[in-house]
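Welcome! Take a moment to turn the model around before reading on, and then let us walk through it together.

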Amino acid sequence: MTAVPEPAARRRPEVVIRRLDALSARRHLDDLADLLVDSVEGGASVSFVAPLAHYEARDWFAGVLNEMDLGRRVVLAAFLEDRLVGCVQLVLSWQSNATHRAEVQKMLVHRSARRLGVGARLMKQLETEARALGRTLLILDTETGSDAEHLYAHMGWVKVGVIPDYAMRPDRSGLRPTSLWYRQLD
């Protein structure tokens with residue numbers, strides 16, 4: 001029996017994950033800034049409050065480029081039909097007793113690309129990159145009760161605990177708790 005291909009309308013578009021170097025990140029600086037602005041506008045608790053101006057997001061990512069140049073930060077980007085729709089960062093611990101660990105930061109997926117597996121693909125590739133860099137322990141924090149918590153739990157991350165009143169909500173409506181998570185890599 002021959003398989004019948006799915007109609008184009010039902011096929012999931014292909015998500016491609018790429019590790020950005022500082023030069024390619026510089027070329028995508030406006031796209032990364034747009035992604036951060038969209039995330040904050042969508043209610044993501046990622047260190048910023050609304051309204052977040054494009055130039056502020058761009059300046060923040062420009063600072064990330066310096067850390068990439070120094071080899072202290074890895075940035076992965078998700079592309080959907082050549083459009084940057086997600087990113088995640090791996091911040092490498094520099095202390096001599098901590099070269100086995102890294103922190104996951106700014107896992108962002110554009111609202112238009114949610115529920116397409118972008119976040120899971122980013123996190124899987126991030127773990128691959130971490131292993132290649134000799135990192136065996138990853139840590140992160142995220143807003144308690146967020147969609148991201150469900151993703152991390154599904155991917156085998158372990159929730160350590162909750163810190164109450166950790167960060168201001170992006171809409172400034174009050175303080176929210178943050179959950180701390182870790183994952184040991186094989």
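Where does Leu65 lie? Leu65 is found in helix H3. Before going further, a word on the ground rules: this is a predicted model, in which local features need pLDDT of at least 70 and side-chain atom pairs count only at pLDDT 80 or more, while totals for chains, interfaces and linings use all residues. Residues are numbered from 1 along each chain as its sequence is written, and side-chain values use heavy atoms, with hydrogens and water left out. Helices (H or I, at least four residues) and strands (E, at least two) are DSSP runs, numbered from the N terminus.

Let us stay with Leu65. At 3% relative accessibility, Leu65 counts as buried; buried means under 20% relative accessible area, exposed means over 50%, and partly exposed lies in between, with a 1.4 Å probe and protein chains only. Leaving out residues up to four places away in sequence, Leu65 touches Ala22, Ala25, Arg26 and Leu29, where contact means heavy atoms within 4.5 Å. Val49, by comparison, is 16 residues from Leu65 in sequence and 22 Å from Leu65 in space, C-alpha to C-alpha.

Now look at the helix around Leu65. The end C-alpha atoms of H3 are 23 Å apart, which agrees with the 22 Å that its 16 residues should span at 1.5 Å a residue; the expected span is 1.5 Å times one less than the number of residues. Ala57, Phe61, Val64, Leu65 and Met68 are the buried residues of H3. Seen down the axis of H3, these buried residues fall within an arc of 110 degrees, so they line one face of the helix. The arc is that of the directions from the helix axis to the C-beta atoms. Tyr55, Asp59 and Asp69 are exposed on the other side of H3. Packing against the buried residues of H3 are E1, H1, H2, E2, E3 and E4. Just after H3 comes Gly71, with a positive phi of about 80 degrees.

Next, step back to helix H2 (29–41). H2 has 13 residues and reaches 18 Å from its first C-alpha to its last, close to the 18 Å expected at 1.5 Å a residue. Its buried residues include Leu29, Leu32, Leu36 and Val40, and what covers the buried residues of H2 includes strand E1 (15–20), H1, helix H3 (54–69), strand E3 (83–92) and E4. In the loop between helix H1 (22–27) and H2 sits His28. Is His28 buried or exposed? His28 is buried, with a relative accessible area of 18%. Apart from neighbours within four places in sequence, His28 is in contact with Leu20, Phe79 and Leu84.

The loop between H2 and H3 deserves a stop of its own. Pro51 has its place there, and a cis peptide bond with omega of about -5 degrees joins Ala50 and Pro51. Ser47 belongs to the loop between H2 and H3 as well, and Ser47 has a positive phi of about 85 degrees although it is not a glycine. With a relative accessible area of 65%, Ser47 is exposed.

Our last stop is the largest pocket, which has a volume of about 950 Å³. On a 1 Å grid over the protein atoms alone, a pocket is an open set of points where a 1.4 Å probe fits, with protein on both sides within 12 Å along at least five of seven lines; lining residues have an atom within 4 Å of a point. Of the 35 residues lining the largest pocket, Met107, Thr142, Ser146, Ala148 and Tyr152 are the closest to its centre. Which element gives the largest share of the lining? That is E4, with 7 residues.

Helix H5 (147–154) is among the elements that each supply at least two residues of this lining. In H5, Ala148, Glu149, Leu151 and Tyr152 are buried. They cover an arc of only 160 degrees around the axis, which puts them on the same side of H5. The face of H5 turned away from the buried side carries the exposed residues Asp147, His150 and His154. The buried residues of H5 pack against E4, H4, E5, E6 and strand E7 (175–184).

Methods
Grid points are joined across faces, edges and corners, and a volume is the space filled by probe spheres set on the points.
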